[in-house]
Amino acid sequence: CVNEASRAGLTGVEAGGKFPKNSDELIPKLEKEKLELCSGWYGANLLINTPKEEFSKMQGQLKLFKACKSPCMVFAEITNSIQGDQNTPLSKRPILSKDDWDKLISRINEISKMMEDANMPLAYHHHMGTVIESESDTRRLMESTIDKVKLLIDTGHMLFAQGNSINLVNDFSEKLIHVHCKDIRKDVLIKSLKNDSTFRKAFLDGAFTVPGDGCIDYKPFLKSLKDKDYSGWLVVEAEQDPIKANPFVYAKIGYNYLSKTSKECGFEIIN
């Protein structure tokens with residue numbers, strides 16, 4: 001995986017579920033391929049666990065990320081999430097009550113301070129099938145939380161949720177620290193929404209693809225990032241069935257398109 005990522009042109013990767021959990025194992029593999037660890041997913045249950053309990057649960061990953069000098073940790077609240085549920089359609093995703101909103105905001109504020117003190121910023125990932133899915137969910141979370149709660153924008157998830165990533169860039173640039181560039185196959189998305197698919201079925205059917213292979217024009221998005229002086233990672237990403245979409249081939253497509261388009265929009269790509 002990391003060898004193909006390097007050969008595709010990428011300079012970093014996010015931690016995958018099958019990556020070594022020990023830095024003594026992972027760092028040599030990354031260094032061999034001249035790759036950095038640019039982040040990775042952490043699914044939290046703050047509606048169940050206290051911030052102290054959740055912070056304790058993330059210590060292994062936190063230690064790994066710090067050793068690998070990751071710039072942030074991708075963070076999402078997954079209590080009652082249906083993102084991996086093979087039977088529950090996206091229309092049945094969890095919706096927060098006012099009390100749960102208040103609890104989640106308070107607890108994210110608290111754990112973000114703990115993570116900041118540990119030099120590992122929290123980059124909140126809005127995600128299909130979770131309590132923070134839509135543009136309005138993301139906006140409410142960003143407006144209600146302290147400055148230490150940072151934002152990750154995922155272009156694919158936001159379009160799937162019928163939201164606008166550029167609006168979030170323009171309104172929350174001071175919180176934005178990480179970007180997932182995921183594209184959408186419009187015909188599959190329309191079908192998935194019409195049929196009220198599960199999230200798992202939607203991406204196995206091919207709703208997501210890499211930048212340059214879908215319906216998103218990245219120039220306006222990248223120009224908005226440039227206008228707001230964004231400096232950070234642009235992650236080529238797409239949940240796809242590897243039998244249908246060879247990961248190495250698609251990594252190259254995404255890298256080539258995104259690096260070319262980023263440069264056209266005025267960015268300097270650091271290799």
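Which residues of helix H6 are buried? In this predicted model, where local features need pLDDT of at least 70, side-chain atom pairs count only at pLDDT 80 or more, and totals for chains, interfaces and linings use all residues, they are Glu135, Asp137, Thr138, Leu141 and Met142. Residues are numbered from 1 along each chain as its sequence is written, and side-chain values use heavy atoms, without hydrogens and water.

Buried means under 20% relative accessible area, exposed over 50% and partly exposed in between (1.4 Å probe, protein chains only). Helices (H or I, at least four residues) and strands (E, at least two) are DSSP runs, numbered from the N terminus.

The buried residues of H6 (135-144) lie on the same side of the helix because they span an arc of only 160 degrees around the axis, taken from the directions from the axis to the C-beta atoms. Ser136 and Glu143, on the other side, are exposed. The buried set packs against H5 (98-117), E4 (122-125), E5 (149-154), H7 (155-160) and H8 (165-172), with contact meaning heavy atoms within 4.5 Å.

In strand E3 (73-77), five of five residues are buried. Met73, Phe75 and Glu77 cover one face, Val74 and Ala76 the other. Strands pair if DSSP finds at least two bridges between them.

| Pair | Sense | Bridges | Opposite residues |
|---|---|---|---|
| E2 and E3 | parallel | four | Tyr42 and Phe75 |
| E3 and E4 | parallel | three | Val74 and Ala123 |

There are zero disulfides, counted as cysteine sulfur pairs within 2.5 Å. For Cys1, the nearest cysteine sulfur is that of Cys38, 12 Å away.
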